[in-house]
Amino acid sequence: GTSDPYVKFKLNGKTLYKSKVVYKNLNPVWDETVVLPVQTLDQKLWIKVYDRDLTSSDFMGSAFVALAELELNRTIEQVLKLEDPNSLEDDMGVIVLNLRIAAGFLLSCLILLNERCERWIRFTLGHLAMSFKCTIFLHLFIASKTSLNLGHVCVFMRSMRLSDSLRKNQLWNGLVTITLLEGKNIPGGGLAEIFILLKLGDQRYKSKASIKDFLNANPQWREQFDFHYFSDRKDMLDIEIWRKDNKKHKELLGTCQVDIAALPTKQTNCLELPLEKHPGSLLMLIAVAPCTGVSISDLCVCPLGDPSERQQISQRYCIKNSFRDIKDIGFLQVKVLKAVDLLAADFADFSDPFCVLELGNDSLQTHTVYKNLNPEWNKVFTFPIKDIHDVLEVTVFDEDGDKPPDFLGKVAIPLLSIKNGKQSCYTLKNKDLERASKGVIYLELDVLFNPVKASIRTFKPREKRFTEENRKFSKKILSRNVDRVKKITMAIWNTIQFLRSCFLWESTVKSVIAFAIFVVTVWSVELYMVPLALLVLFAYNFSLIRTGKVNNTQDAQASKEAELMGLDEDEDEDDKESEKKGLIDRIHMVQEIIIAVQSILDEIASFGERIKNTFNWTVPFLSVLACLVLAAATVILYFIPLRYIVLIWGINKFTKKLRNPYAIDNNELLDFLSRVPSDVQ
């Protein structure tokens, strides 16, 4: 029943200013000052209101002001009725503005100022405009001879105000950790899947499905979710519980809300939430904790640029602090400098580029540089690192007025591959990171982290991503996944055939050698030799890489796959046509099954490739960590009898629920492998 409105000001079809977003409010007060240059008065200033959404913006109405009807040097208040010709609503609301066209003395002063005073002009006009307080205050300057200097002033102010607005709306100052435990007496009979949707502001999560039948009305999830918390927004946590039966029909079983601002901070709150207008309840843990390390600043005040501050941050992640604040793993600083030779997305062969930086679920954004294919942002962003195996994604978009932004290019940089303090030039790629796009981007990255904390985090579940679009069927991806599974299957089959040939004595020499190895191994092997043999395999592969006989990267394979993808582009065009002509109709009834098969094939292939890439030293940090674990296992198995090890393991498993009733089960081996990239990644 609320909206997140913001306003755009347009002149001659161009967006000159975008206000901040006022969240959860149908009577927003922006209290902003805007300075806009105009050359003639025979124009209309359009004011358009939008509702900010997660993926796009919804139009809420517009109004215009005829500049010729305004009096010079006189401030007037106008109440404009918002209209939308495509809406059935009669009353779209109103917007209140104070407007003033300024000329005369201020214009004469500007004409007398020369180029050397330009910085002083920027500061003076910025201070002058900011000193006014009103709902929305517009200074419209009539510029003739001074249009160039005045344009610089207004662009500077607009960028400054937009940057301030973006900074305020983006920076979260807390973290809400929600542990979804179980439902009690959930309504609805029959065998069905029960899942939960959680929403806080524009952040959304979907839980895994828990099976509910006639005998069990208490489905369990045991999942953990992290939300960003903005203390000034006062958002409510909305919870919906859904039921999906075998026929894929969905039914809303109940809702509930939690006022996050009312919860005490720095402690875990156990809540049993009754469903509104329905029987049943949800049991969950909610913890609200302050969050530091998120910032947006200019180059001159970057955190790691100050030696004392850099020393302080480095000290926080030194080895002696390895067991203090175990979740605070590291610190990432990103300098977004500039981009060169971007794709022209507008009709006038220009673009209005801005950058979005994503690290896991954390996202920050630069301001927009208008009408420029070689933009310079010169901004510094900092993120707290929650998992050293995350990938920093930097995406360049073109702001496209009322429409969703156009994609210009993207780069993905694993945190473990960053070289501190080195300015690097990255070629932009397409959305799938398969082929190069047009343009390059200049970044300077620094990452500081504690290796002990990062290693412990490796054996815990990965952070869940915010709710994304459902996977779609793709002939290309399905074919690729089939080929990947076929390679793994053939490797296993060839191994079986080799053993079979040894048993059948197809080659006498080979069978004699295999028989001798079998007898010696069975006669002398001890349990501790199993992890020791795996360590030998790691050492062998490492020696091959050091001598240059094997390349541990996937560049060759990636380039080969990219060529195949490029060859498939022409086929994709034909595929789109064929899909329109009936392919989707033919597979509509079994589409979910095909998508499930596509996903299962991907999981099977990725599992095998990750094991291979662990031994191939594709990510040295993970391979070293695996070697340390295997070395520890070798020592333990050598000195401690197996029965004691099994006894300790069993006692831990049986008493885990008693020691921590709300513990989330996980498999440490699978969590480790989830950090190893597959060949496609």
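I start with how to read the model, then take the sheet, then the salt bridges.

This is a predicted model, in which local features need pLDDT of at least 70, side-chain atom pairs count only at pLDDT 80 or more, and totals for chains, interfaces and linings use all residues. Residues are numbered from 1 along each chain as its sequence is written, and side-chain values use heavy atoms, with hydrogens and water left out.

First, the sheet. Four strands form an open, antiparallel sheet in the order β13-β9-β17-β16. Strands here are DSSP runs of E, at least two residues, and helices are runs of H or I, at least four, both numbered from the N terminus; two strands pair if DSSP finds at least two bridges between them. At the edges are β13 (220-229) and β16 (268-274), each pairing on one side only. β9, residues 174-184, is joined to β13 by eight bridges, and L175 has H228 in β13 as its bridge partner.

Now the salt bridges, meaning a side-chain nitrogen of Lys or Arg within 4 Å of a carboxyl oxygen of Asp or Glu. There are 20 in the structure. K464 sits in the loop between α5 (451-458) and α6 (475-503) and E223 in β13, so the pair ties together parts 241 residues apart in sequence. E223 is buried at 4% relative accessible area, while K464 is partly exposed at 33% (buried is under 20%, exposed over 50%, partly exposed in between, with a 1.4 Å probe and protein chains only).
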